Amino acid sequence: MALSREDMDLIFRNARTHNGWQHKPVNEESLRELYDLMKWAPTTMNTNPARILFLRSREAKERLKPALSPGNADKTMAAPVTAIIAYDVEFYEFLPKLFPHNQNARDIFAGAEKKAPTEKVAFRNGSIQGGYFILAARSVGLDCGPMSGFDNAKVDAEFFAGTSVKSNFLCNLGYGDPAKVMPRNPRPTFDEACKLL
Ligand SMILES: Cc1cc2nc3c(=O)[nH]c(=O)nc-3n(C[C@H](O)[C@H](O)[C@H](O)COP(=O)(O)O)c2cc1C
């Protein structure tokens, strides 16, 4: 089984990073559908550390605004939804549910002496889930504008104070305005990026 050429076009070849948005709202159903797709993609020991905050209201966007780099501010304020893709460094508390056949899984990651390697697992898996997020969004017909141009510490203080959740990157979501897409840049070729041994 493989996806059709059209489906591959939708999520890869024709999918672009968007900077402008049509005046068309994103309904909650689409956001739930997006998550219910991405959650099936794999993570280390089924850790699933990604946490997502969907900012939809003007009030929520205003709380984000001071953390945005100037070049990202206007398009983010104009997007129907901005997702904060974050990760929980205490993801291991969910392992008794998520990895039930190994009831010792939590102890592999919990504890002060394991903090650094555990955070690495959280960041690695939270990041690949961020990639799954983009592909799932495109699969349900949404366009994305991912961004790392913002102050993570400010976002964490505003949205995740007192929790074990940290921001990774932002992703605007909506129905893109094709007129505001930048020209497509080249990618490394197979021979530049890959080796066959
Ligand atoms: C993690 C990540 C961070 C990015 N940060 C920014 C950003 O802060 N501002 C911005 O305008 N674009 C940002 N981009 C957009 C990239 O420049 C864009 O996705 C890339 O050039 C490919 O564009 P294309 O998908 O249209 O081919 C980011 C993309 C990713 C995946």
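This is a predicted model: local features need pLDDT of at least 70, side-chain atom pairs count only at pLDDT 80 or more; totals for chains, interfaces and linings use all residues.

Reader: Which residues surround the ligand?

Author: Start with the list of neighbours. Here the ligand has Arg16, Thr17, Asn72, Lys75, Pro146, Met147, Ser148, Gly149, Arg184 and Arg187 around it. Sorted by class, this shell holds 2 nonpolar, 4 polar and 4 charged residues.

Reader: Which atoms of the ligand lie by polar atoms of Arg16, Thr17 and Ser148?

Author: For Arg16, a polar side-chain atom is 2.9 Å from an oxygen atom of the ligand. For Thr17, an N or O atom of the side chain is 2.6 Å from an oxygen atom of the ligand. With Ser148 the backbone takes part: one of its polar backbone atoms is 2.9 Å from a nitrogen atom of the ligand.

Reader: How much of the ligand does the protein bury?

Author: Compare the ligand taken alone with the ligand in place. Alone, the ligand exposes 630 Å², and the protein buries 61% of that. Helix H4 (70–78) and strand S3 (143–147) are the elements that give two or more residues to the shell around the ligand.

Reader: How many salt bridges are there?

Author: A salt bridge here pairs a side-chain nitrogen of Lys or Arg with a carboxyl oxygen of Asp or Glu, within 4 Å. By that rule the count is 11. One of them joins the side chains of Lys39 and Asp36, with N and O 3.1 Å apart. Lys39 is partly exposed at 28% relative accessible area, and Asp36 is partly exposed at 40%.

Reader: What parts of the chain does the pair Glu158 and Arg63 tie together?

Author: First check the contact, then find the element that holds each partner. The closest N and O atoms of Glu158 and Arg63 are 2.7 Å apart, and the two residues form a salt bridge. Glu158 belongs to helix H8 (residues 152–159) and Arg63 to helix H3 (residues 58–64), so the pair ties together parts that are 95 residues apart in sequence. Both count as partly exposed, Glu158 at 36% and Arg63 at 41%.

Reader: Where do Glu119 and Lys115 lie?

Author: Both are in helix H7 (residues 115–139), 4 residues apart, which is about one turn of the helix. Glu119 is partly exposed at 22% relative accessible area, whereas Lys115 is exposed at 53%. Salt bridges can also share partners, and in this way Glu93, Arg106 and Asp107 are joined into one network.

Reader: Which residues touch the most other members of the largest nonpolar core?

Author: The general idea is that in soluble globular proteins nonpolar side chains tend to be buried together. In this model the largest nonpolar core has 18 residues, and Leu34, Phe133, Leu142, Cys171 and Leu173 touch the most other members. The elements giving two or more residues to this core are helix H2 (28–38), strand S2 (81–88), H7 and strand S4 (165–174). H7 gives the most, with 4 residues.

Reader: Is Thr82 buried or exposed?

Author: Compare its relative accessible area with the cut-off: under 20% is buried. Thr82 has 0%, so it is buried. Thr82 is in strand S2, and its side chain makes a polar contact with the side chain of Asn172 at 2.8 Å. Gly130, in helix H7, is also buried with a relative accessible area of 0%.

Reader: Which phi values do Met45 and Asn48 have?

Author: Most residues other than glycine have a negative phi. Met45 has a positive phi near 50° and is not a glycine. Asn48 is not a glycine either, and its phi is positive, about 45°. Met45 lies in the loop between H2 and strand S1 (50–55), and Asn48 is found in the loop between H2 and S1 too. Met45 is partly exposed at 25% relative accessibility, whereas Asn48 is buried at 11%.

Notes: Residues are numbered from 1 along each chain as its sequence is written. Side-chain values use heavy atoms; hydrogens and water are left out. A residue is near a molecule or strand if one of its heavy atoms lies within 4 Å of it. A polar contact is a pair of N or O atoms within 3.5 Å; within protein, one must be able to donate a hydrogen and the other to accept it, and residues adjacent in sequence count only if both atoms are side-chain atoms. Accessible areas come from the Shrake-Rupley method with a 1.4 Å probe; for residues, only the protein chains shown count as cover. Ala, Val, Leu, Ile, Met, Phe, Trp, Tyr, Cys and Pro count as nonpolar, Asp, Glu, Lys and Arg as charged, and the others, Gly among them, as polar. Buried means under 20% relative accessible area, exposed over 50%, partly exposed in between (1.4 Å probe, protein chains only). A nonpolar core is a set of buried Ala, Val, Leu, Ile, Met, Phe, Trp, Tyr and Cys residues joined through side-chain atoms within 4.5 Å.
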